[in-house]
Amino acid sequence: MASQTSPWLRSARGPMFVAMLPAIVLIVALIYFTGWAVTYSFTNLELTGPNSLNWKWIGVDNYVRLFTRQGFLSSLWVTVIFTFFSAIVGQSVFGFVLAAAMRGLRGWGRTCVEVALMLGWLLPDIVAAFLWQATTTDIGFVNTLILQPLGFPPYDFLANYALVVVIVANIWKGTAWSYLLFSAALDSISREILEAAKVDGATGLQRTWLVTLPIIRPHIATNMLFITIWTFTYFALIYALTGGGPGSSTEVLSIFMYHQSFGVGKLGYGAAISIAMVLIVGVLSVFYLRQLKEPK
Amino acid sequence: MLKRNLLAAAAAVAILAGMAPALAADLSIEYNDSFAALVENGVKNFEAANPGQKVNLVKLPGDGYQDRVALDLSSGSAPDLIMVDSFLVAEYAGSNYLLPLDDMLKGWDQFQYYSKGLLDVASYNGKVYALPTDTDVRMLWYNRADFAKAGLPDPWTPKTWDDVLAAAQKLKDAGVTDAWLIPAGTKAEEAATMQGFYMAMLGAGSPTGDANRLRVRADDKWIGDSPAIRKTLQLYHEVYVDKKLGVGSDNYTLDFAATNKAFLDGKIGIMASGSWENSCLWDCNGVNVPSQADRDKIVAWTPWPGNGEPGNKTTTNISGGWTIAISAKAPDPANSFKLLTAIFDKKNFLDWTVSGHRMAVRTDIATDPAYTADPFLAKATELAKDTTGRDTVPGYAKVSALVQQATADILDGKSVDDVVKEYHDGLVDEFGADKVVTIQ
C-alpha cells in the first residue's frame, strides 16, 4: 500500500496534516454536538432545579414518553400537515407553475413577480410574522380593506384558522427558492426537445408531464430535499406568529422541542425530541436522495 | 501591499472599537423592560457615585424573558445582576446559580426595613438570595364602557363564578368579542398559572388542608388530581370551549401590549390580571400614563370571587412579585452588591414604587406619606390582607409549566378528564409516584 503512495505525498505528511486540521475540528465539533444530544436524551437532565445538578440515567424513558405522553405525536402530525401543505404542495407546485408561466416572459411582468417573490424570501421572519398578524387578525388588513367594505362582519382568521394562516404565510415566504430552482431547471431544457414533442402532436399538458417533468426530475428531488428539511425544522415565523397556539394547534416539532427544553426546562426530553426529528428528516432525505438517481 | 495593510489595520481598529464598550463595562445587569425605570435610574445613581465604573444594561422584553434567564444562568454566561421572578428564586438557588446575600446584607443599613414574609419568597434553605422589587395582588379588571354597553352594574361585585360567567355572556351578547380573558396556555407562561389557574383554584376547594392548592405543603407532595383542579379546568372549559366567552388566540399574541390596548379599546371586557395593570395597561414605566382619575374612567377592578360553594373562599388572592439577584459566577460580588443597593436605595426605590403604583415590600416605603396618600395602593393593600403565595420550592417551575400545558389542552378542546390524567402523569414523570397525591 505504502509503495503506491506518491513520494511527494509521503514527504509532505506534516503540512498535509496541518491543512486537514480545520476539517478535523469541524467533524469533531459536529460529532460532539450530536453525541451530546444523544447522550443527554438518556438522562433526566434539566435546565434548572435539582435535576440540573443531580441528573440520572433513565434509559429510554424519554423515548417511551414520546409515545405515551401527549404532545409529541400530535406535534408530529401538525408538522407533517405544515410541511406537506406549505412546502411540498404549496412552495413546490406554486414555484413550478410560476417558473413555467414566466418562462417565455421578459420585461416588467417578470421583474415584478420576481421582486415580489424575493421580497417575501428576504424579509426577516419576525418582520414577516408581524406583517401576517397585521393582515389576518380581526382588525387586520383583510378585514378592514376587503371584508368590512363588502359588508361582512370582522373575522379573526388567526384565531380560528391559525394553522392555515401559518401555512399560507410559509408558502408566501418560501416560494422564491422553488421558483428560482425550477426557473434554472426549465432554462436548461433545450427548445428543440419541446418543439419536437409539439410537432409530434403532444398537448401542453402532455409536454409538461411526459417531457419537462422527467427531465427536471433531479431538480425536483433536490428542491424537495431542501424545502422538506427546512420546513420540517422551521421555527421563527411560526413561533413569532402564533407561539405554537392557540392551544397546540400550530405547535410544530421545533416549537414543541423548544418549549420542552427551555420553557419547561427538560433538556433530556428535549434532546430525545431532537433525535427523533433527526431520524425522521434522515429517513425523508434518504427517500429523496434515491429519487435523485437517474432511473435505469 | 500598503493598501492591504492599511485595510487590515482599519479592520482591526474597527473590531477593537466595537469591543471597547463591552470590555469597559465593570458590571452588567439583565432585566425585564417593565422594570426599566427602577433599574436604569439606580444604575445612573451608581455610576454617578462611582466615577469611572460602567454598567452594561441587558434590557429584555417580558415575552420569553424567563427562558433567556434560565439559559444564561445554566450556561454560566449570565450578567452579574439578574432580575428574577420571585417564584424562580428557589429554583435557581437550588441549582447553585445565585449568590447568597446574607453576609453582605448585614452591612446594609436599609435591609432592616424589608418585611420578613416577603423575603421568604426570595429565600432558599434559610438564606436570602435576592431582594424583592414589589409585591402584588390579583383581580378581575373590567372595561367600564363595555359594562355600560351591556347594561351591567358598575361598580361590579360578582359573588360567584356564575356571576362572572353571566356578566361575560352579557358582554358577548353586546358585541364584546373577547368577553373574559383568563390567561391560558404555554405562551402566557406564569400568567396562565398565577393570574388564571391559581386564582380560580383557590376559590374552588376548601381552604383548609391545602385542598385548593397545587401542593400539600406539610407532606411535600404535589397534587395530581383534586376536585379543585377539576373545577378550575372546568371553568376554563366553559369560558373557552362551551360558551366561547374568551378568544384562545389572545393568549398567543405576538405582542402582549396589543392585548392591553385591546382591553382599553373595549375588545376585551373582563381581564384577569394584577395590581401592576393600574400603570402597565398604559406603560409599566409610566410613560404617557393618564391621570388616575382618567384611568378610573376607563377601567375598574373587582376581587376574584370564589366558585360560590359553601365553605370555600368568597374572594381569592395570590401574591407574587419580582426580585433582583446576583449571579453565583459574578466575578466581583462586593461591587455587584453595591449596584444592587444603589438600585434599592430608598429614594430611587420610593420614587419608582409610588410613581408605578407598585405594592411596597419595605416598611420605610409603606409608611412614607407619598405612598400612604395613594388611593389605588390603599385599596390594593386592603386586598393583600388575605393573600397567599406560590409553592416556591425547587420543582414549582415544572409544575407551573404542566399547569400551562393543561390550560392549553383545554383550549384545544380536550376533556377535563383527559387533561387531568395527563397532568397527573406529567407530575409522576417529574417527581415520582410517591411525591404525587390525589385528593378525592
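**View 1. Glu30(B) stands opposite Ile82(B), a residue of strand E3 of chain B.** This is a predicted model, where local features need pLDDT of at least 70, side-chain atom pairs count only at pLDDT 80 or more, and totals for chains, interfaces and linings use all residues. Residues are numbered from 1 along each chain as its sequence is written, while chains are lettered from A and ligands numbered from 1 in the order in which they are written. Strand E1 (residues 27-32) of chain B runs parallel to E3(B), with two bridges between them; strands pair if DSSP finds at least two bridges. Helices (H or I, at least four residues) and strands (E, at least two) are DSSP runs, numbered from the N terminus.

**View 2. E3(B) also pairs with strand E15 (residues 322-326) of chain B.** This time the sense is antiparallel, over five bridges. Look for Met83(B), whose bridge partner is Ile324(B).

**View 3. Here's E3(B) (residues 81-85), tucked in on both faces.** Five of its five residues are buried, so the strand is largely enclosed by the rest of the structure. (Buried: 20 or more other C-beta atoms within 10 Å of a residue's own, with C-beta atoms placed from the backbone.) Leu81(B), Met83(B) and Asp85(B) sit on one side, Ile82(B) and Val84(B) on the other.

**View 4. Chain B meets chain A.** Here 32 residues of chain B are in contact with 32 of chain A, meaning C-beta atoms, placed from the backbone, within 7 Å. Helix H19 (396-411) of chain B is among the helices involved, and gives the largest share of chain B's side, six residues.

Key
Contact = placed C-beta atoms within 7 Å. Buried ≥ 20, exposed ≤ 12 C-beta atoms within 10 Å, placed from the backbone.
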